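Thanks for making time this morning.

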Amino acid sequence: MLALHQIVGFGAAECMTARLHQLASKVDGELAPVFAAHAGAAAAGDGARLVAASEDLENLGFTLVASEAASQACHAYRSAGRGHQARAANARAWELAPRCQGARTPTLAAIAAPGLIAREREVAALAAEGRTSRQIAERLTMSVRTVDNHLRPVYAKLGISGRTALAACLALSPNDRDTAAVSPARS
C-alpha cells in the first residue's frame, strides 16, 4: 500500500486510484482510506479534495505526503484559474516542507516560496509575533496605514486572510524563513 501510494507523488495517480480504493476496503485502519482519497483527488485534479487529503495526511503524521498533496492542490487550483486557493495551498505546502527533514521529491520541488519583499517580511514577522499595527508602526517609524498597506499583499501572497494564519505560515526556522522568503515566486 505504501509503495502504491508513493507512485501518486510521482504523478501517476490515475494508475493507482482503483488499486488503492480496493485496498482501502480490505485494510483496517485510517491510513488506507486517506491514501485512496488522496489518489482519487490527485487523479481528478480536485484542489479541495487534495487540501482535505493534505490535512488528513498531516493528522496521521505523514507530513511529507501532506506537503506533496498541498502542492498538488496548488497546481490543480492554478489550472482551474483559482488563484486565491492556489496561493493558500502553496502556502500550506511551503509551511509543511521544512518539517520534511530535507526531503526532495518532484512534487516538493514545485513548491514556490511566497516571494515577500524585505519590508513585507519585516512587517509580517512583527505581526506574526502578535504586535498590533500601531506597535509595528512605532517600531519601524511608519504610519499605521502603511503597516496595513504592507500586510495586505503579504496576506495575498501567502493565500491567507489575517494575522492568525500569518503566525502559522511563518513558523519556519530562522534560516529557512530567510532563504524561502527572498526566493521569487514561480508563476
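Helix H4 and helix H5, the latter covering residues 63–79, pack at an angle of about 170 degrees with their axes 8 Å apart, where the axes are lines fitted to C-alpha atoms, for helices over the stretch in contact, and angles run from 0 to 180 degrees between N-to-C directions. The helices themselves, and strands likewise, are DSSP runs numbered from the N terminus, a helix being H or I with at least four residues and a strand being E with at least two. H4 and H5 are therefore roughly antiparallel to each other, given that angles under 35 degrees count as roughly parallel, over 145 as roughly antiparallel, 65 to 115 as roughly perpendicular and the rest as oblique.

Before going further, a word on the basis: this is a predicted model, in which local features need pLDDT of at least 70 and side-chain atom pairs count only at pLDDT 80 or more, while totals for chains, interfaces and linings use all residues. Residues are numbered from 1 along each chain as its sequence is written, and side-chain values use heavy atoms, with hydrogens and water left out.

Which residues of H4 and H5 meet? On the H4 side they are Gly47, Ala48, Leu50, Val51, Ser54, Leu57 and Glu58, and on the H5 side Val65, Ala66, Ala69, Ala70, Gln72, Ala73, Ala76 and Tyr77, with contact meaning heavy atoms within 4.5 Å. By class, this contact of H4 with H5 comprises eleven nonpolar residues, three polar and one charged; here Ala, Val, Leu, Ile, Met, Phe, Trp, Tyr, Cys and Pro count as nonpolar, Asp, Glu, Lys and Arg as charged, and the others, Gly among them, as polar.

Ser54, which lies in helix H4, is buried, with a relative accessible area of 0%; buried means under 20% relative accessible area, exposed over 50%, and partly exposed in between, with a 1.4 Å probe and protein chains only. Leaving aside residues up to four places away in sequence, Ser54 touches Ala66, Ala69, Ala70, Arg92 and Leu96.

The contact is made by Arg119, Glu122, Val123, Leu126 and Ala127 of H8 together with Ile136, Arg139 and Leu140 of H9. By class, the contact of H8 with H9 has five nonpolar, no polar and three charged residues.

How many salt bridges does the structure hold? There are six, a salt bridge being a side-chain nitrogen of Lys or Arg within 4 Å of a carboxyl oxygen of Asp or Glu. Arg119 and Glu122 form one of them, at 2.7 Å from N to O, and because they are three residues apart in helix H8, they are separated by about one helical turn. Arg119 is partly exposed at a relative accessible area of 30%, and Glu122 is partly exposed too, at 34%. Elsewhere, salt bridges that share partners join Glu58, Arg92 and Arg99 into one network.

Glu58 lies in helix H4 (residues 47–59) and Arg99 in the loop between helix H6 (83–96) and helix H7 (106–109), so the pair ties together parts that are 41 residues apart in sequence. Glu58 counts as partly exposed at 24% relative accessibility, and Arg99 is partly exposed at 42%.

Asp46 and Arg49 make a further salt bridge, with 3.7 Å between the closest N and O atoms.

Let me finish with two single residues. Thr141, by contrast, is exposed, with a relative accessible area of 72%. Thr141 is placed in the loop between H9 and helix H10 (144–158), and the phi of Thr141 is near 55 degrees, a positive value in a residue other than glycine.
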